[in-house]
Amino acid sequence: MNATLLLGREDVERLLTHGACIGAVEDAFRRLALGQVPPPGILGMHARDGGFHVKAGFLGCYFAAKINANFPGNTELPTIQGAVILFDATNGKPLAIMDSISITALRTAAASAVAVRYLARPDCDTALICGCGGQAAAQLEALRQVRTPRRVLAYDREPGRAAAFGRGTMPVHDLGEAVRASDIVITCTTATRYFIERDTVRAGTFIAAVGADNEHKQEIDPRLLAEAKVITDLTEQAARIGDLHHAIEAGVMTAADVHGELGEVVAGRKPGRERADEIIVFDSTGTGLQDVAAAVAAYEHATKVRYSERAGAA
């Protein structure tokens, strides 16, 4: 019997390319919309200075559960850390235990890239990354898999982080001006109060709102959500913990006002962008389905590598 694989952060990043992860996540969203996989589950619990959540899901003959700690105040340790356990869903065998930092970053960025592919305008002169922490690099690299912006702006409430982000980006200090200039805006922060305001967003803009993954986080003005076409990863989940939650609490939206879920758009069951001037917001709360899709892609690549190494040694 093969031993359970242990994959550290560097292993996952070596095995799982952005292109492969985007393809795996896109396929998983499609299969969910078509009823080929069950909806994923989530459990969250708060700690004094942070919290923990468990996200889990099935995909074909696999099941994965991710346990993540999220402590925004960390300085010497990452904000998000944890582990993903991948199982054979036919017999319960643990197949792999892998670092969740890289899985979370890659699969979250992959979902944004899938949303950009279906919901952003094909032409993109300027993109804006808001929040230059651990998620930002993955978001930028995934974006560049599906669009080729002429320039990328970087904003962080700590200007030094935006200046140090690099990767061909231009640091900016005036957030409102940067939003007005951008065709695509990606927010990946730990903000607890919205900072993307309705009046700063021009017609045709696509926004991937990534940061709100519990009910206390918020990035998008509820008025903006109420006037935009809103796509979620999972509407029920977004209504509980996403930016949608705050729009509902503000009384400007209901869950029924959501245009659809990303999987429905990918599967062709709901239209994506219908006009060039539409403002579209993707409320990305992160799902167990994305975790299992990324974990399976990393695991299957690892097993192929091991098989090739053994065959070469024979």
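**Buried charges, salt bridges and pockets in a predicted model**

Asp 183 and Arg 121 are both buried, where buried means under 20% relative accessible area, exposed over 50% and partly exposed in between, computed with a 1.4 Å probe on protein chains only. The structure is a predicted model, in which local features need pLDDT of at least 70, side-chain atom pairs count only at pLDDT 80 or more, and totals for chains, interfaces and linings use all residues. Residues are numbered from 1 along each chain as its sequence is written, and side-chain values use heavy atoms, with hydrogens and water left out.

Asp 183 and Arg 121 form a salt bridge, with the closest N and O atoms 2.6 Å apart; a salt bridge is a side-chain nitrogen of Lys or Arg within 4 Å of a carboxyl oxygen of Asp or Glu. This pair links distant parts of the chain, 62 residues apart: Asp 183 lies in the loop between helix H6 (175–180) and strand E10 (184–187), and Arg 121 in the loop between H3 and strand E7 (126–130). Helices (H or I, at least four residues) and strands (E, at least two) are DSSP runs, numbered from the N terminus.

In the whole structure, 21 salt bridges are found. Glu 26, Asp 27, Arg 30, Arg 31 and Arg 117 are linked in a network of such bridges. Arg 223 is bridged to Asp 221 at 3.1 Å, N to O; Arg 223 is partly exposed at 39% relative accessibility, whereas Asp 221 is buried at 2%.

Within helix H4, Arg 144 and Glu 141 lie three residues apart, about one turn of the helix, and their side chains meet in a salt bridge of 3.7 Å, N to O. Arg 144 has a relative accessible area of 33% and is partly exposed, as is Glu 141 at 31%. The buried residues of H4 include Ala 136, Leu 140, Leu 143 and Val 146.

Asp 88, in strand E5 (residues 80–88), is buried yet has no salt bridge, and the nearest side chain of opposite charge, Lys 93, is 7.8 Å away. Lys and Arg count here as positive and Asp and Glu as negative, while His and the chain ends are not counted. The side chain of Asp 88 does make a polar contact of 2.5 Å with that of Thr 90. A polar contact is a pair of N or O atoms within 3.5 Å; within protein, one must be able to donate a hydrogen and the other to accept it, and residues adjacent in sequence count only if both atoms are side-chain atoms. Glu 278, in the loop between helix H10 (262–266) and strand E16 (280–283), is buried at 7% relative accessibility, and its side chain is joined to that of Lys 229 by a polar contact of 2.9 Å.

The largest share of the lining of the largest pocket comes from H3, with seven residues. In the second largest pocket, E2 gives the most to the lining, with five residues.
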